[in-house]
Amino acid sequence: MAVRMKHRRHRLWIIAATVCALIVVPMARPASADPEDDGHSIEEELEIAIEEFVEAEQELDVALERQEQLQETIEQTKEAIEVLTAEVNDFAEIAYANGGLPSATAILATGSPDSAIDGLSMVSYLGADSGRRLQELVEARDSLAADEKALEDEVEAAEKAVDKKEKAKNDLQREVDEQSGPSGGDYGSAEPAPRNPDGSWPSESCSVDDPTTDGCITARMNHAFNQARAAGFDRYASCYRPTEDGGEHPRGRACDFSAQAGGFGGVAGGGDKTYGDNLAAWFVNNADTLGVMYVIWFNQFWDPANGWGPYSGGNGTPSGDHTNHVHVSMF
C-alpha cells in the first residue's frame with residue numbers, strides 16, 4: 001500500500017505557489033468555516049499566516065543583527081577597560097612608591113621649576129582622568145550587560161514567535177491540503193455494496209473473474225467497477241496484477257482506471273484530466289456506499305479518515321505519480 005506524505009517543510013516561495021494553485025483549482029468539498037467566522041476562506045487564512053510568518057522571521061533577523069552589533073560593542077568596551085585598568089594600576093604603583101605622587105626631587109630633576117610644576121600637574125591629571133574614564137567604561141559595561149540580557153530575552157521571544165507562526169502556517173497548509181482535491185460533475189449515486197448485518201464490510205477473496213485481465217477480483221471491487229461503468233466511466237481499466245509488494249492489486253482489491261481512452265499514456269491533460277478529476281471525485285463521493293479504502297490521482301491521495309493530501313509514493317513517471325490513471329483500492 002502506498003504511503004501518504006502528510007506535509008513537508010516548504011520553502012516560502014513553494015508554499016506561496018501552492019496557495020495560488022489551490023485557489024484556482026475547485027474544491028472537492030466545501031471548505032470548513034473559519035473558526036472566528038471573519039469571512040476569510042482557508043486559503044486566505046493561509047496567505048495571512050504566511051505573511052505573519054515572514055514578518056516574524058524578519059523581526060528575528062533584526063534582533064539577531066542588533067545582538068551581534070551589541071556583542072561587538074561589549075568586546076570593544078572590555079578591551080578599553082583592560083587598557084585603562086593597566087594605566088591606572090601603573091599610576092597607582094608610582095603614587096604609592098613616591099608617597100602619593102612622584103617626589104619633588106624626581107620632578108625637579110626633569111628641568112626648570114616651571115617644567116616641574118607642569119609635570120606635576122600632568123601626572124596628577126593623568127591619574128584622575130584615567131580613573132574617571134575607567135569608571136565611565138565600567139558603568140558602560142554594566143549598562144551593556146543589562147542591554148545584552150534584555151536583547152537575549154527579545155531574541156528568545158522572537159524565536160518563539162517564529163515557531164508559533166510557523167506552526168499556524170503549517171496547520172493551515174495541512175487543512176488546505178486535506179480539503180483540496182479533484183472535483184467533478186454530478187454523475188449520480190452508486191448502488192450500495194452488500195454489508196454485514198452490523199454494518200461492517202464482509203471479508204472477500206479474489207474469487208470473481210476480472211473483466212479487465214485474466215486474473216480475479218473481489219465481489220466488492222467488481223461491484224465498484226460495474227457501478228463506475230454504469231455512471232459513464234468506461235475508458236480503459238486494469239485491475240488484477242499478480243506481482244506487487246504490499247499492494248491491493250494481487251488481492252483483487254484494486255483497479256487502475258486510465259484517464260485516456262486508449263490506455264495508460266503520458267500525463268493527462270485537457271479532457272483526459274477532466275475525466276480523471278470526475279472519476280476520482282465520483283469514487284470519493286460514493287466511498288461509503290461502495291467500500292472505497294483509498295483513491296490516488298494526480299499526486300494526491302484520499303482516504304476516509306484524512307481526506308485529500310499529497311501523495312509521495314510516485315517515482316516521477318505518469319504511472320508512478322498516478323497522473324495518467326485513477327487508482328482505487330477497496331476494503
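**View 1. Ring pairs join Phe225, Phe233, Phe257, Tyr275, Trp282 and Phe283 into one cluster.** The model is predicted: local features require pLDDT of at least 70, side-chain atom pairs count only at pLDDT 80 or more, and totals for chains, interfaces and linings use all residues. Residues are numbered from 1 along each chain as its sequence is written, and side-chain values use heavy atoms, with hydrogens and water left out. Rings of Phe, Tyr and Trp (its six-membered ring) pair if their centres lie within 6.5 Å; planes under 30 degrees apart are stacked, over 60 edge-to-face, and the rest tilted. The whole structure holds nine aromatic pairs.

**View 2. Phe233 and Trp282 form a tilted pair.** The ring centres are 6.0 Å apart and the planes meet at 50°. Phe233 belongs to the loop between α5 (219-230) and β3 (237-238), and Trp282 to helix α6 (residues 271-285), so the pair ties together parts 49 residues apart in sequence. Helices (H or I, at least four residues) and strands (E, at least two) are DSSP runs, numbered from the N terminus. Phe233 and Trp282 are both buried (buried means under 20% relative accessible area, exposed over 50%, partly exposed in between; 1.4 Å probe, protein chains only).

**View 3. Arg235 lies over the face of Tyr275.** The distance to the ring centre is 4.3 Å. A charge sits over a ring if NZ of Lys or CZ of Arg is within 6 Å of the ring centre and within 35 degrees of the ring normal.

**View 4. The charged end of Lys273 sits over the ring of Phe298.** It is 4.7 Å from the ring centre. Phe298, in the loop between β5 (292-297) and β6 (300-303), has a positive phi of about 55° although it is not a glycine.
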